[in-house]
Amino acid sequence: MIGQRMQEALNRHVQAEVASSYLYLAMSAWCEAKAWKGFARWLRVQSDEELAHAKRTLDFLLARGGEARLGAIDAPGASFTGVIDVFEKVLEHERKVTAFVHDLYGAAQQEKDRAAEVFLQWFVSEQVEEEARVVEIVDRLRMVGERPGAALYLDKEYGKRGK
Ligand code: FEO
């Protein structure tokens with residue numbers, strides 16, 4: 001049986017992952033509308049991954065006899081100044097998620113909830129990969145700057161995700 005504190009924390013984690021999925025869906029729609037088809041696809045795949053993270057957490061909560069109390073999701077921002085702005089905001093968001101996951105892991109340690117600690121280790125590692133992937137995109141977009149040919153090449157490359 002899961003403790004009250006971890007139940008509440010894991011419910012917030014489900015909420016945070018769904019909020020990430022919703023944010024990336026909005027970003028994907030923005031990219032699609034601006035003809036950044038590849039980045040739109042990349043973000044759509046990322047949105048799906050975030051929803052999978054939410055379900056993974058929910059399944060763990062339920063397997064431990066916890067109760068699902070899903071919170072409200074705010075409308076995501078939908079206006080961006082350009083594709084670099086989109087990915088800088090993805091990075092900013094992922095860094096917040098990383099801090100959230102670390103707090104969650106700390107709570108599991110304080111509660112001596114070993115099953116939650118082991119479960120959350122996957123998320124700690126996942127965040128390292130996610131941040132690295134987004135840093136790469138931001139760096140490359142900054143590198144190409146205002147050169148449309150190079151930016152379109154990146155769009156095509158990142159659009160291969162999940163194919
Ligand atoms: Fe599931 Fe990108 O955090």
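Which residue forms a salt bridge with glutamate 88, and how far apart are the closest N and O atoms? Here is a quick tour, with that pair picked up in point 4.

1. First, the ground rules. This is a predicted model, in which local features need pLDDT of at least 70 and side-chain atom pairs count only at pLDDT 80 or more, while totals for chains, interfaces and linings use all residues. Residues are numbered from 1 along each chain as its sequence is written, and side-chain values use heavy atoms, with hydrogens and water left out.

2. Start with the largest nonpolar core, which has 24 residues. A nonpolar core here is a set of buried Ala, Val, Leu, Ile, Met, Phe, Trp, Tyr and Cys residues joined through side-chain atoms within 4.5 Å; buried means under 20% relative accessible area, exposed over 50%, and partly exposed in between (1.4 Å probe, protein chains only). Met27, Cys31, Phe39, Leu43, Val86, Phe87 and Val90 touch the most other members. Two or more residues come from each of helix 1 (4–33), helix 2 (37–63), helix 3 (83–110), helix 4 (114–144) and helix 5 (148–158). Helices are DSSP runs (H or I, at least four residues), numbered from the N terminus. There is also a second, separate core of 16 residues, including Met6, Leu10, Tyr105 and Leu120.

3. Leaving out residues up to four places away in sequence, its contacts are Phe39, Trp42, Leu43, Val134, Ile137, Val138 and Leu141 (contact means heavy atoms within 4.5 Å).

4. Now the charges: the structure holds twelve salt bridges, each a side-chain nitrogen of Lys or Arg within 4 Å of a carboxyl oxygen of Asp or Glu. To settle the opening question, the partner of glutamate 88 is arginine 142, with the closest N and O atoms 2.8 Å apart. Arginine 142 sits in helix 4 and glutamate 88 in helix 3, so this pair ties together parts 54 residues apart in sequence. Glutamate 88 is partly exposed, at 31% relative accessible area.

5. Glutamate 131 and arginine 95 form another salt bridge, at 3.8 Å between the closest N and O atoms. This one links helix 4 (glutamate 131) and helix 3 (arginine 95), 36 residues apart. Glutamate 131 is buried at 19%, whereas arginine 95 is partly exposed at 45%.

6. Finally, look at glutamate 49 and arginine 161, whose side chains meet in a salt bridge (3.1 Å, N to O). Glutamate 49 belongs to helix 2 and arginine 161 to the segment after helix 5, 112 residues apart.
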